[in-house]
Amino acid sequence: MSEQINMTADMNGTDKAQQQLERLQATLNRACKNVPFHRNRIQEAGLSDITGLEDIENLPFMDRSHLATHYPYGLFAVPLRDIVRIHTAPGSGASPSISGYTKTDLVIWKKMVAKAYAAANVTDRDIILIHLPPGLANWARDYKDGGEALGAGVIPNAPLSVAKTLMVLRDYKVTTLVTTPAFARHLTAHMFERECHPNELNLKQIILVGEPDDGRTISELGDSLHVDVRLNYGLSEIPGPAIAHECRYHDGLHMNDDYILSEIIDPASGRPVPTGEKGELVLTTLSTRAFPLIRFRTGDMAKFLPQACPCGETSTRIQWLAEQADNYMLVSGIRVSQAQIRENLKRALQLPAISCTIKKACRSGADILLISLTMDDDLFSDEIKNLQQLIAYAEETLTEQNGIKVEIRLTQQRV
């Protein structure tokens with residue numbers, strides 16, 4: 001018999017706020033007891049006790065630089081013997097990002113992913129195909145676990161071509177596809193080029209991950225493939241996918257606020273913004289034992305939606321906006337620092353300075369980083385031999401460092 005995840009009904013607002021407060025207090029106590037970084041910062045803030053959820057505003061923020069500074073295990077709040085899974089991702093700096101999970105953490109994460117599936121009308125009668133890029137391999141594992149916990153049939157992530165993916169969708173009678181917007185668009189174009197009618201598939205729903213809707217992808221996919229398209233929100237570094245999910249009404253994303261507390265702040269001042277105004281999304285884990293986050297600045301822009309959702313669920317809802325609060329680029333769920341890319345490119349090319357532009361592009365259904373490198377005298381000096389080989393080496397190095405394919409093009413220097 002497959003493992004079953006119990007989907008409990010939402011509590012009323014008062015009960016939920018009390019539960020969140022108790023879980024926040026437990027998280028802070030655990031973090032202060034076991035993580036010097038958290039203990040020192042909370043002591044410096046002069047906050048002796050949390051008596052209400054609003055007190056969290058007196059705590060300092062975390063950001064991605066803290067993850068790199070305390071690499072690898074400096075932010076773990078439990079002994080390594082209690083860690084049963086360690087996730088690594090490319091990260092946004094010189095070192096990979098890391099997160100750990102206890103057995104309890106994994107059970108909670110399965111519940112969160114299963115809840116997102118259930119909100120997309122996925123049941124134990126569905127067959128799920130997961131198709132995610134290498135940089136989101138950890139998410140692929142989580143979506144597999146969540147689908148299996150729900151009792152659905154799951155086809156795990158595999159590096160198949162778009163043609164073979166289409167064969168699997170058709171021949172295996174897949175009903176649910178979990179993928180990125182870039183691959184979903186590529187798959188649709190491939191189908192229509194080969195005159196494969198959507199009615200040949202059993203596909204009922206697509207769950208898009210990695211990026212917010214650009215204002216047209218979700219509606220276009222739904223119209224073209226005759227499916228229901230849902231959006232899930234997550235973080236590629238930590239802790240994972242399905243932090244928030246869409247319901248059938250497609251009016252914002254429901255936060256899993258039994259386990260994660262959300263704030264929206266002014267990126268410049270760090271102060272909360274009024275409900276309904278956009279700002280940077282800040283997350284605090286409420287039940288995570290191994291790797292607690294306390295006021296983690298995601299860099300993602302969002303806004304709270306104050307009105308009640310017609311679905312009846314009372315969880316906090318956000319609108320995920322297609323812009324960033326920092327200098328990172330979001331590419332299929334992976335955050336990339338443009339400053340770090342420039343520094344690494346300069347090092348790979350062995351040059352004192354470079355002039356380049358960096359943008360996102362799509363190749364064969366996968367998002368890539370396209371770097372336009374301006375040609376100058378340094379690139380053609382006597383010290384630079386075999387320029388083509390050097391460019392190939394830089395592409396390979398940056399691809400490995402960022403977990404995203406990098407393509408470098410030489411462009412003429414502007415006069």
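Predicted model: local features only at pLDDT ≥ 70, side-chain atom pairs only at ≥ 80, totals over all residues.

Residues are numbered from 1 along each chain as its sequence is written, and side-chain values use heavy atoms, with hydrogens and water left out.

Three strands, in the order S16-S17-S18, form an open sheet of mixed pairing (strands are DSSP E runs of at least two residues, helices H or I runs of at least four, numbered from the N terminus; pairing requires at least two DSSP bridges). Strands S16 (356-363) and S18 (406-411) stand at the edges with a single partner strand each, so one side of each has no neighbour in the sheet. Strand S17 (residues 366-374) pairs with S18 in the parallel sense over six bridges, and leucine 369 has valine 406 in S18 as its bridge partner. Helix H9 (residues 338-349) packs on this sheet and touches S16, S17 and S18, contact meaning heavy atoms within 4.5 Å.

The largest nonpolar core has 112 residues, of which Tyr117, Ile130, Tyr143, Tyr233, Leu345, Leu369 and Ile371 touch the most other members; such a core is a set of buried Ala, Val, Leu, Ile, Met, Phe, Trp, Tyr and Cys residues joined through side-chain atoms within 4.5 Å, buried being under 20% relative accessible area with a 1.4 Å probe and protein chains only. Helix H4 (residues 103-119) supplies the largest share, seven residues. Because domain 1 (7-326) and domain 2 (334-412) both give residues to this core, it lies between them, the bounds coming from an automatic or database domain assignment.

Definitions and conventions
Axes fitted to C-alpha atoms, helices over the stretch in contact; angles between N-to-C directions. Buried < 20%, exposed > 50% of the residue type's maximum accessible area, 1.4 Å probe, protein only.
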